[in-house]
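Hi everyone, thanks for coming. Let me put the model up, and then we'll walk through its packing together.

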Amino acid sequence: MSNEIRWGIVGPGRIAESVMPDFGVTPDARAVAVASRSQERADAFAARHGLERAYGSYAEIVADPDIDVLYLATPHPQHHALAMAALRAGKAVLVEKAFTATTAGATEVVDLARETGAFVMEAMWTRFQPAVVELRRLVADGAIGEVRSVQADLGVAREYDPADRLFALELGGGALLDLGVYVVSFAQMLLGTPDRVVATGSVFPSGADAEAAILLGYDDGRNAALTTSLRYALPGAARVVGTTGWIDVLPRFHHPRTIVLHRQGAEPEEITRPQTGAGYAHELIEVTECLRAGRTESAVMPLADTLAVQDVLGQAADQLGVRHTEAVDVL
Ligand SMILES: NC(=O)c1ccc[n+]([C@@H]2O[C@H](COP(=O)([O-])OP(=O)(O)OC[C@H]3O[C@@H](n4cnc5c(N)ncnc54)[C@H](OP(=O)(O)O)[C@@H]3O)[C@@H](O)[C@H]2O)c1
């Protein structure tokens, strides 16, 4: 591996477009190629972002020997097949959230990564936001005592369109995998893997979930109360409650700038930590540094946490009667 980490982009859609400028502020990383299902879309994306190579199929970028890591930015059900192919080709992978559409799919990817020793990480950018890093530092320092409860909500008001990936079940549609993944991952980060999951909500005519409230229970009484929705907007706030205070994460908590520390008996303390670039740079830096150091996973977004989150989402989907599947014939 050369000194510089060479990246390939798979699926030039909305998020890929947003992430691209942050390569410019990621040391030792260079985006060199893109792959689309359409040569025309690949060419246009490569021209916009100054990439060296544009492929009209995903199979070609997987086979490109001059790429170290692929960033998978397709809808969730395509992640599994692409990650499996990339790992078999000896490439590292950064996989957009939700990691996969199913727990079984996520487990297969993680198993193969561990077998081949290749690096895989879920692109859960929240965990790398400087304000979230500071929150975790404060919690670890005992600033609010023992964390007992987490509250978080994330929702957007979107008009129902069964063809849109947000609503189409075969494209992983529904609030859970798109937005619920953030509230669940945030709670899992602070409380660990829950002993019980209780979900209630509603589904769209497509069979994708429209809204959900999820309660995570722990045998020692700790809990998380989480809400997500595609039917109506939610503030995007989070609160971490401890035995001697709490921390508010000001909206929107999945890429926050400011947290407010409420220590018992003290005035609230506002702490602001701006992002680098659009906020995606931090996860790109993590992957680049992990690869340069020869690590197979991130300590900040470990694969065990990704699996735990995917399992909670799967249990919630089951309870709502939502049936997600992994896509086949992706490459
Ligand atoms: N981290 C974040 O802030 C963030 C924000 C938004 C989305 N995401 C995640 O990123 C992923 C993509 O979301 P997005 O909003 O960027 O979606 P999008 O705009 O629809 O783009 C997805 C791209 O995937 C490719 N694709 C492959 N198979 C497809 C299929 N069967 N149907 C539709 N498109 C297909 C398409 O590119 P080609 O056909 O040209 O190959 C498309 O442009 C999702 O997993 C989502 O959760 C993350």
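Let's begin at Phe-186, which touches Thr-126, Leu-135, Val-150, Ala-238, Val-240, Val-249 and Phe-253, leaving aside residues up to four places away in sequence; contact here means heavy atoms within 4.5 Å. A quick word on the source: this is a predicted model, where local features need pLDDT of at least 70, side-chain atom pairs count only at pLDDT 80 or more, and totals for chains, interfaces and linings use all residues. Residues are numbered from 1 along each chain as its sequence is written, and side-chain values use heavy atoms, with hydrogens and water left out.

Now zoom out to the largest nonpolar core, with 88 residues, where Trp-7, Phe-186 and Ile-214 touch the most other members. By nonpolar core I mean buried Ala, Val, Leu, Ile, Met, Phe, Trp, Tyr and Cys residues joined through side-chain atoms within 4.5 Å, buried being under 20% relative accessible area with a 1.4 Å probe, protein chains only. Helix 7 (residues 175-191) gives this core its largest share, 13 residues; helices are DSSP runs of H or I, at least four residues, numbered from the N terminus.

So what does helix 7 meet in helix 6? On the helix 7 side, Phe-186, Met-189 and Leu-190 meet Val-132, Leu-135, Arg-136 and Val-139 of helix 6. The two axes, lines fitted to C-alpha atoms over the stretch in contact, come within 11 Å and cross at roughly 30°. The pair is therefore roughly parallel, a label for angles under 35 degrees, taken between N-to-C directions on a scale from 0 to 180 degrees.

Note on methods. Buried < 20%, exposed > 50% of the residue type's maximum accessible area, 1.4 Å probe, protein only. Helix = DSSP H or I, 4+ residues; strand = E, 2+ residues; numbered from the N terminus. Parallel < 35°, antiparallel > 145°, perpendicular 65-115°, else oblique.
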